[in-house]
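Please have the sequence and the structure to hand while reading.

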Amino acid sequence: MKTEQEKNQTTAEINGKEQISGAEAILQCLIAEGVDTVFGYPGGAIMPIYDKLMDYEDKIRHILTRHEQGAAHAAQAYSMVTGRTGICFATSGPGATNLVTGIANAFLDSVPVVFITAQVVSGLIGTDAFQETDIIGVSMPVTKWNCQVKKTQEIPDAIAKAFYIAKSGRPGPVLIDITKDAQIEKLNFTYKKCDYIRSYNPHIPLHIKAIESAAIMINHAERPLILAGHGVLISGAEDELKAFAEKTGIPVAMTLLGLSGFPSDHRLFTGLLGMHGNYGPNLLTNEADLIIAVGMRFDDRVTGNLKKYAKKATIIHIEIDEAEINKNVIVDVEINNDAKEVLQYLLPLVRENSFEKWIREFRICDKTEYEKVIKPETKPEKGEIRMGEVVSRVSELTKGEAIIVTDVGQNQMYAARYYKFSHPNSLVTSGGMGTMGFGLPSGMGAKIGRPDKEVITFVGDGGFQMTIQELGTIMQYNVPVKIIVLDNNYLGMVRQWQDMFFNKRYASTSLLNPDFVMIAKAYNIPGRRVSKREDLKSSLEEMLAAEGPFLLDIAIEKEGNVFPMVEPGSSVSEVRLTY
């Protein structure tokens, strides 16, 4: 073990003064970048890094997950709630390929994660050696950048470049594959953070003329609507968005990943966009004469049938990634810049205004949705417990202060619809990839990243069992995450589609589940099973009062469906309130 003096030695002191192994250089690079937490799983090819990691336990905390996919999701969630770059380790071959779902998830949701994988010794590459896989080729379509390092002296520059690329511009995952011999051999270590790469220009000067044109359109609009997405949160533009909306009086709708970027209780908030979004913003998108899209990509789940989308509207698109502009929806004003910078420049150019008559149309829609959907879902008079009822109770008990993590499916849509978010970056969910199994490891990663916040994970009984082994990680590190299993013995969202579009032919969607509370108990995690409405409130209070992790298995309505719904191929204005 190192002496106390050696432990306190800074990266600046070690730079250029001694030879260290590639494995130690990797850890020194991470420390220089401010990393204090790594999620991962060891193996043969990455063993030199893990061996050296023992000497840095006071500076880098390693979380040993039970599967590499769990490590990838946890690292993404950690990044989403902290604003820092997530870090994930895995070995070669199956260790690396087990990361791919998590890498793709981070890629589609624009989350910065640096993945470091190990590779067989450089002399064996291409020989089909034991646990050799071309992870560079495999991961290329789902990384922002990747590279393979075969020489020890290339490690510092590769890692510096990886951090810069992951975080700058439109963020995303990067992967560095480092051969075992490069981890073992020595180098004269120096490290310099990267702030420039030739031909890579993530920061684009403001398009002033386009912004000024947008201001003119905004000042003359009669029925404008702001559609805000994840880019608002990524750029840290929550305050700017709020100020812009309040000055102009324009109503705001959010994408799934944009939720928490604008307060749910704000008078200008109209709700969630998309297939299972709120009635008003879906119905009235096609009545708007101006759409201001901020940090969103016009995903198919938001637009519905593109041939029928927003035909009355002039569209302004504020988006940092040029590839997203005019990709799905042809727009009238292109502003290829960072959302925060654009809104800051735009704010003095727009007039104070109000659109009370226009906003009243949203409130009328809200009333209709409340009577036909929300009230029956959150305040049922009889029958089985409903998902929306559970989420609504959690929202009330936590006063919208918790970080909410979801898996994918009905649990995800109900959490997004019925939790009232008060703070930015308080929803962690899988958007573009829609990854079942995301919820449990992500809840764990979010709680490790934000131990000061209550973290509640909603999972369905299907997705929960895809990564259930991460209960072991939660046990080992005593991560006090609260887990709510919305248990209907079905793959609920698939069953809903079978109900609506396949004549109720429930092909391979019924689940025979184990006793989840007993499984949690085996991991030394307390739990409770709830099947009666009269026990719901007390069980939620018991869960929230628990000092450590807690699992609540709630038996909910077996064949409940999420509404409203924009059916595939339909216009957003054809949104249905009932089945």
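In what order do the six strands of the open sheet stand, and is their pairing parallel or antiparallel? In this predicted model, the open sheet runs in the order β11-β10-β9-β12-β13-β14, and the pairing of its six strands is parallel.

**The sheet**

- The edges are taken by β11 (269–272) and β14 (333–335), and because each of them has a single partner strand, one side of each is left without a neighbour in the sheet.
- From one strand to the next, the twist of this sheet averages 15°.
- Within the sheet, strand β9 (residues 224–228) and strand β10 (residues 252–254) run parallel and are joined by three bridges, and the bridge partner that Ile-226 finds in β10 is Val-252.

**The packing of α11 and α16**

- Two packed helices are described by the angle between their axes and by the distance between those axes.
- For helix α11 (residues 208–220) and helix α16 (residues 339–346), the axes come within 10 Å and cross at roughly 60°, which means that α11 is oblique to α16.
- The crossing in which α11 passes α16 is right-handed.
- On the α11 side the contact is formed by Ile-208, Ile-211, Glu-212, Ala-215 and Ile-218, which meet Val-342, Tyr-345 and Leu-346 of α16.

Note on methods:
Residues numbered from 1 in each chain as written. Predicted model: local features only at pLDDT ≥ 70, side-chain atom pairs only at ≥ 80, totals over all residues. Heavy atoms only, no water. Pairing = 2+ DSSP bridges. Helix = DSSP H or I, 4+ residues; strand = E, 2+ residues; numbered from the N terminus. Axes fitted to C-alpha atoms, helices over the stretch in contact; angles between N-to-C directions. Parallel < 35°, antiparallel > 145°, perpendicular 65-115°, else oblique. Left-handed = near helix turned anticlockwise from the far one by under 90°. Contact = heavy atoms within 4.5 Å.
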